Structure formats: C-alpha cells, structure tokens
Amino acid sequence: MQHRTWRTGRDRQFAGAEAEYDQEYIDARLAGDLGQAVHDRRVELGLSQSELAELAGMTQPQVSRMEGGDTVPTLPLLRRLAKALDGSLSVAVDEGDSRVTFTPHAA
C-alpha cells in the first residue's frame, strides 16, 4: 500500500466524522438557544421553574433540563410551553444556523 493512498482514505474518514460533529454542534446550540428563550421569558414573567412546570404539565426537573439545553422538548410540549408563557415560540432551522425567538402575546 502506498502511503499517499492511506492518507487519502484517512482524510475521508475524518471528513465524515467532522461533518457528524458539526451537526451535533448545531443541534446542541439549538437546544441551548431554546432553553435560554424559555428561561428568559419565565424570568420576565416572574415564574419559578416549579410554577412553569405546573402550568405546562411538566415536572420541575424537566424544566431545568430543558432550560439547560440538555433535552429538546416535543412539539406538543412546545405548544404547552408557549401557552404557559403567554406567547408564541418560533424556531427557525437552516443549514448551519438556528434561531429561537419568543414573542409575548399583546396585553
């Protein structure tokens, strides 16, 4: 085997691992952005994690994990969270980019 051939095969292997790592990084960033948006709105409303959990049909540890970016909630849970936080939650995902915004309902 030629050394040059070995290096090319190795480079292809690392390129695939790098693409997978990039996607995991994007997913983790989206989970963190979502958690931060929920946290900011909860604090703005003066709610504790336990109070938000009760309003959204969750447990306090679930709220804590979500706010910490450790988990991504399901779509039904996102709807309940938006209702509990009296607003609209928007998640935009584009290749290599994500944005999470929370828009309070008009009073």
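The following questions and answers explain the terms used to describe this predicted model.

Local features of this predicted model need pLDDT of at least 70 and side-chain atom pairs count only at pLDDT 80 or more, while totals for chains, interfaces and linings use all residues. Residues are numbered from 1 along each chain as its sequence is written, and side-chain values use heavy atoms, with hydrogens and water left out.

Q: What makes up the secondary structure of the protein chain?
A: The protein chain has four helices and two strands, in the order α-α-α-α-β-β along the sequence. Helices (H or I, at least four residues) and strands (E, at least two) are DSSP runs, numbered from the N terminus.

Q: Why is helix 2 called roughly perpendicular to helix 3?
A: The axes of helix 2 (residues 49-56) and helix 3 (residues 60-67) cross at roughly 105° and come within 8 Å. Axes are lines fitted to C-alpha atoms, for helices over the stretch in contact, and angles run from 0 to 180 degrees between N-to-C directions. Angles under 35 degrees count as roughly parallel, over 145 as roughly antiparallel, 65 to 115 as roughly perpendicular and the rest as oblique. Helix 2 is therefore roughly perpendicular to helix 3.

Q: Which residues make the contact of helix 2 with helix 3?
A: Helix 2 contributes Gln49, Ser50, Leu52 and Ala53, and helix 3 contributes Gln60, Val63, Ser64 and Glu67. Contact means heavy atoms within 4.5 Å.

Q: Why is the pair Glu44 and Arg41 called a salt bridge?
A: The term requires a side-chain nitrogen of Lys or Arg within 4 Å of a carboxyl oxygen of Asp or Glu. For Glu44 and Arg41 the N to O value is 2.6 Å, so the pair meets the definition. The two residues are three residues apart in helix 1 (residues 3-44), which means a separation of about one helical turn.

Q: How do you know whether Glu44 and Arg41 are buried or exposed?
A: Buried means under 20% relative accessible area, exposed over 50%, and partly exposed in between (1.4 Å probe, protein chains only). Glu44 has 56%, so Glu44 is exposed. Arg41 has 6%, so Arg41 is buried.

Q: Which parts of the chain does the salt bridge of Glu67 and Arg42 link?
A: The side chains of Glu67 and Arg42 meet at 2.6 Å, N to O. Glu67 lies in helix 3 and Arg42 in helix 1, 25 residues apart, and the pair links distant parts of the chain. Glu67 is buried because its relative accessible area is 11%, and Arg42 is buried because its value is 9%.

Q: What makes a set of residues a nonpolar core, and which members touch the most others in the largest one?
A: A nonpolar core is a set of buried Ala, Val, Leu, Ile, Met, Phe, Trp, Tyr and Cys residues joined through side-chain atoms within 4.5 Å. The largest has 20 residues, of which Val38, Leu52, Met58, Leu81 and Leu89 touch the most other members. Helix 4 (75-84) gives the most to this core, with five residues.

Q: How do you know that Leu85 counts as buried?
A: Leu85 counts as buried because its relative accessibility is 0%. Leu85 is placed in the loop between helix 4 and strand 1 (87-94). Not counting residues up to four places away in sequence, Leu85 touches residues including Val38, Leu52 and Phe102.
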